[in-house]
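Open the model in your viewer and keep the selection tool at hand. The tour starts at the ligand and then visits several backbone positions.

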Amino acid sequence: MKLWGGRFTKETNQLVHNFNASISFDQKFYHQDIEGSMAHVKMLAKQGILTEEDKDAIVNGLLGIREDLENGILEITAEHEDIHSFVEAVLTERIGEAGKRLHTGRSRNDQVALDMKLYTRDEIDELSGLVKGLLTELIKVMEEHIDTYMPGFTHLQKAQPITLAHHIGAYFEMFDRDFSRLSDIRNRMNYCPLGSGALAGTTYPLDREYTATLLGFAGPTLNSMDSVADRDYLIELLSALSTIAMHLSRFCEEIIIWNTNEYRFVEIDDSYSTGSSIMPQKKNPDIAELIRGKAGRVYGALVSMLTTMKGIPLAYNKDMQEDKELTFDAIDTVKGCLALFTGMISSMSFRKDVMEASAKNGFTNATDAADYLVNHGVAFRDAHGVVGQLVLFCIEKGIALDDMTLEEYKAISPVFEQDIFEAISLKTCVEKRMTIGAPGQEAMKKVIEIYKKKLEQ
Ligand code: ARG
């Protein structure tokens, strides 16, 4: 059963076997392990290291194993140390002698480095697809709500009016950066470690360029020590996943606030909400809360991985086996969160009227009132002071700036004229903000076009 039993005189202690084994989790990449082995033997045959007959027997054997695993005919069992041992053992059992030649010119160190890279690369592609799906959904909301006015906040205090499209656009930017981070990582990691052997390469005339090409890599890695010891790309990925989780968490936090009885800006769909076992009236935003909560475990994976790697001398050490569960969990968690979040957003209703009403109170047009004075020759600092007095007056009377009479305005500053009301209307406040990146419709439309073009690529 063991790949390394030769020099041992005693059986492995059972607890040691269990503690050392990785098959319970590295079976997740059986597909990639087999793909890597097929490329390896094709290269060995091309180089004359393996006969054509042996290569064919191995490739067919591996294809059979993969098919039987996929159909559930073959089961991965715990007595094997890892997925690599399992595949080799079953292969040899099935095809005999040729199976024993599979591992020629290879170590589990470069094998596992390859498998993990192949697996991660596939998962990055899936993650990118999910982020793109979310971006597409956000564009839809933006187009629908280009004139849905709402308050923009700083310090969670009403600040200036914006539109829902503009607010959502901020998240588009974040997730768009996440998308490009994933593709950066993919490009940087896309070099093939196979052929690095245990740490020092091999004495066989391997064609590493060839296996790299067969497996879709940009080329072979250039240092065999680094090849088997490098987990930077996982740290980068976990960092990118942590950032995605953080963005999702922030967005969820806002949705939770917007969904409260006090705000009522949105209503999460029944299909994405849950109830209470005791309080019949409750409809809770559990999904948003769970996504917010799961950021913690993704960050945990990043910190664990950094900590695991920090004291490891070159080259391979078994500590690195710890990379797998962390990474798998973080990837699966973020994939789940992205899918759930996209579903929640696409089924959620936005209350235009409530948002607009909210933008109308809370003095979100105070800056525009000050700007009005500036446009009539008042220095900004003085204008700021005048509008501060207006706000104080309104707070005492319990009214909005829009509700004051012109006489009341003039009593505080004679500069005000009838056109102040137009200047501080919600529509003016938003639509006059026309520079690129601002919430005004014209600016927003241009930006949405840019986003759509990006998504088409
Ligand atoms: N299960 C191991 C891992 O995940 C595979 C590599 C084993 N190599 C070794 N020299 N023991 O890292």
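Select the ligand and the residues around it: S22, D26, D82, R108, N109, V112, Y316, K318, M320 and Q321. A residue is listed here if its C-beta atom, placed from the backbone, lies within 6 Å of the molecule. The model is predicted: local features need pLDDT of at least 70, side-chain atom pairs count only at pLDDT 80 or more, and totals for chains, interfaces and linings use all residues. Numbering starts from 1 along each chain as its sequence is written.

Colour this shell by class: three residues are nonpolar, three polar and four charged. Nonpolar covers Ala, Val, Leu, Ile, Met, Phe, Trp, Tyr, Cys and Pro; charged covers Asp, Glu, Lys and Arg; the others, Gly among them, are polar.

Next, select helix 6 (residues 108–144), which gives the largest share of the shell, three residues. Helices (H or I, at least four residues) and strands (E, at least two) are DSSP runs numbered from the N terminus. Colouring by domain shows at least three shell residues from each of domain 1 (5–104) and domain 2 (109–150 + 160–353); these bounds come from an automatic or database domain assignment.

Go to the loop between helix 11 (286–309) and helix 12 (323–347), where A315 is found. A cis peptide bond, omega about 0°, joins L314 and A315.

Now select L156, in the loop between strand 1 (149–154) and strand 2 (157–163). L156 is not a glycine, yet its phi is positive, about 55°.

End at R264, between helix 10 (232–258) and strand 5 (266–267) in a loop. R264, also not a glycine, has a positive phi of about 55°.
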